[in-house]
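Here is a short report on one protein model. It covers cavities, a helix and aromatic pairs.

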Amino acid sequence: MSTNDWIGKSVRRVEDKRFITGMGRYTDDIILPQQTYASFVRSPYAHAKIIGVDIRAAKSMQGVVAIYTGADVASVNGVPCGWQVNFKNGDIMKEPKHPLLVADKVRHVGDAVAIVIAESQAEAVDAAQAVNVEYEELPCVVNAAEAVKPGAPLVHADVPANTCYDWSLGNPISEVDEAIHNAAHVSTLEFVNQRLIPNAIEPRSYNSSYEAATDKYTLYTSTQNPHLIRLLMCAFVLGIPEHKVRVVGPDVGGAFGSKIFHYTEEALLTWCTKKIKRPVKWTSTRTEAFQLDAHGRDHITKADMGFDKDGKIMALRVKTFANLGAYLSSFATCVPTYLHGTLLQGLYTTPKINVDITAVFTNTTVVDAYRGAGRPEATYLLERLVDLAAHEMNMDPAELRFKNFIPPFDGINQPGYQTQVALQYDSGNYEGVLKKGLEMLGYENFRNEQKEAAGNGKLLGVGFSTYIEACGIAPSAVVGSLGARAGLYEVGQVRVQPTGKVSVYTGSHAHGQGHETTFAQVVADKLGISMDDVEIVHGDSEAVAFGMGTYGSRSIAVGGSAIVKSIEKIIEKGKKIAAHKLEANADDIEFASGKFTVKGTDKSVGFGDVALTAYVPHHYPAGLEPGLDFSSFYDPANFTYPFGCHIAVVEIDKETGNVILKRFIAVDDVGNVINPMIVDGQIHGGVVQGVGQALFEGAEYDANGQLTNGSYMDYCMPRADDVPMIETAGQVTPCPHNPLGVKGAGEAGTIGSTPAVVNAVIDALWSGGHKVKDIRMPVTSERVWRAMQN
């Protein structure tokens, strides 16, 4: 074997065999001895006082094991928020309690008032319906901009103006105001980045048990990060020593961010199982999933971008109201700020930027990270403004981007690019991805086709989106200074067995990314062995020492790098063992293609022989301990910064406003690529989700706080025939600060695609003489038709 035998190859996913043959094991598949089942009594109101809860009739029903209400858990801590953001004046953010069950008043539809535990799921549901709750309905507020106005109903009595925090970043606002005032042209956009519902194929599910003899708990949970759930639940909610709690994340059927967070149900079931001395399981219904899985996005924004007479961007001013919902979810506070505000430099050399964020409580479901998490919102803002400015200044949108791009830099020979909003980009060649995208599109030919289409009752449009994202969420020191209440390193243990087979224990937990394939490729490549000889273990706090989980496109950049660091230690120790066997100096040993060789000779020993010697140390270096097993905690030096260019082509029917997505081109630079097939799959899935936001999806609350489209009959998602074959290409600008040179790919498709599609719709309308600045997403045929009439 030669170096790079596995890295860079489109190896089929090894985990798929069990999934497509029905052998996956999900939390709801797990049935424990003496299993009980839970159902919740949830509020039908968005805001109401609880006058009384009568459980007498329910408690006497067949099969009921126990019923608990908010009064029973009133002394238990609420679930915590994992990120502190301060007001711009230095005051600490408002952090009201998020109780496991509500005792005083409900603050959103679906707020849990009681839990019913029974012998069967059906009996639990029947008994929950028999619990009688008397409410006094209160006025509610669902819109973030309205919630801060005088006289708006207060979600929490101790949170003035419903404001969690008011935060700003960038250059002094006076400097930005002056630059905007002096600009030759100013483009202004007021828009809503609408609320989205994650809709993972597997609903959330938890199964918690308690063993009295050992005083130990086990929680099976459909989570993205088992160790973090254990930490939050033990240290902040229930006060249980961590060594007494095992958290297992079995196979997870998708998440898109919605299973990062510590939900109240996880802690409550763990509290209940000790009370009844039996396992308790709850699996969300699809209705509960729509209502209660943490939603995403929901920003109301006004943004101004100023240009000089030649089209150079002079300044950007942003004011956003971010809806957090009724409580703080685990990472809700950092999404509008450190994942959104810090990305508003984009790919451009904008010299003056100021962003002001007001984060607001409303009587709605919590809002937190959803695929992309803040980066899609930032990209949408920037890319919509740049395209709009191009139309208003009668400039080509591609040329306007070229004029404003940050010049290429590799982060080695040229330093990283310091932005106006705190971050320093690692490496980039931004003009390269746009050039490649234009070539794939055939830009000049398209503009000719666009002119011809207008005579045939159709409008053609092209939309561009050149994006950047911050991934590999870390390093700990940086995120700690920004308010993170946890470290964001990753752990990788590599254990070489006596036979030369390798077991890898990673804190990164898969929910569709293909970790068992890509991590095995890295290990096989670095050690010169077969992928079949590599086992990847994840998702169990008892098997894996620690870990920070999977989110923010961090798995390969942080988790993979931790594994590489452990492999480097194994190779270093292997050289000492090999040197002893070959009667050479360890400094003269080199390792490649699965063999330790004395430099300049043909004397070598195989990796398997060295592994066996490590465990049968009869002929062994003095003072060197046996075994070949190392762990590493990898804490990156910086975020990674993938980037790319997405181009959408749409066709609009003049009579109906119907939008058809004709082409979609994605040119992404995610650094070095471990498995191109898996990266393409991630891009495809992300693009479809981004197209969903642009054209189809959006959670709608009425004035009473009711989710009016909380089912698949009402919440529209893209289907196969809504999306053309996605045309993908790549560019490689390695990350200079991690050992694999990777940047991350899991969210790129979602970040770049949404503004590309909306920009294409606006471009089509301008080509037909309809000078429309914006259409609220989702851009439905009705909204397009109305825009043409106006």
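Predicted model: local features only at pLDDT ≥ 70, side-chain atom pairs only at ≥ 80, totals over all residues.

## Basis

Residues are numbered from 1 along each chain as its sequence is written, and side-chain values use heavy atoms, without hydrogens and water.

## Cavities

A cavity is a set of points, on a 1 Å grid over the protein atoms alone, where a 1.4 Å probe fits but cannot get out; lining residues have an atom within 4 Å of a point. Points are joined across faces, edges and corners, and a volume is the space filled by probe spheres set on them.

The model has 6 cavities of 30 Å³ or more.

## Aromatic pairs

Rings of Phe, Tyr and Trp (its six-membered ring) pair if their centres lie within 6.5 Å; planes under 30 degrees apart count as stacked, over 60 as edge-to-face and the rest as tilted. The whole structure holds 25 aromatic pairs. One of them joins Y68 and W271 edge-to-face, at 5.1 Å centre to centre and 80° between the planes. Y68 sits in strand β3 (residues 64-69) and W271 in helix α7 (residues 264-276), so the pair ties together parts 203 residues apart in sequence. Helices (H or I, at least four residues) and strands (E, at least two) are DSSP runs, numbered from the N terminus.

Note on methods. 1 Å grid on protein atoms, 1.4 Å probe; cavity = no way out; pocket = protein on both sides within 12 Å on 5 of 7 lines; lining within 4 Å.
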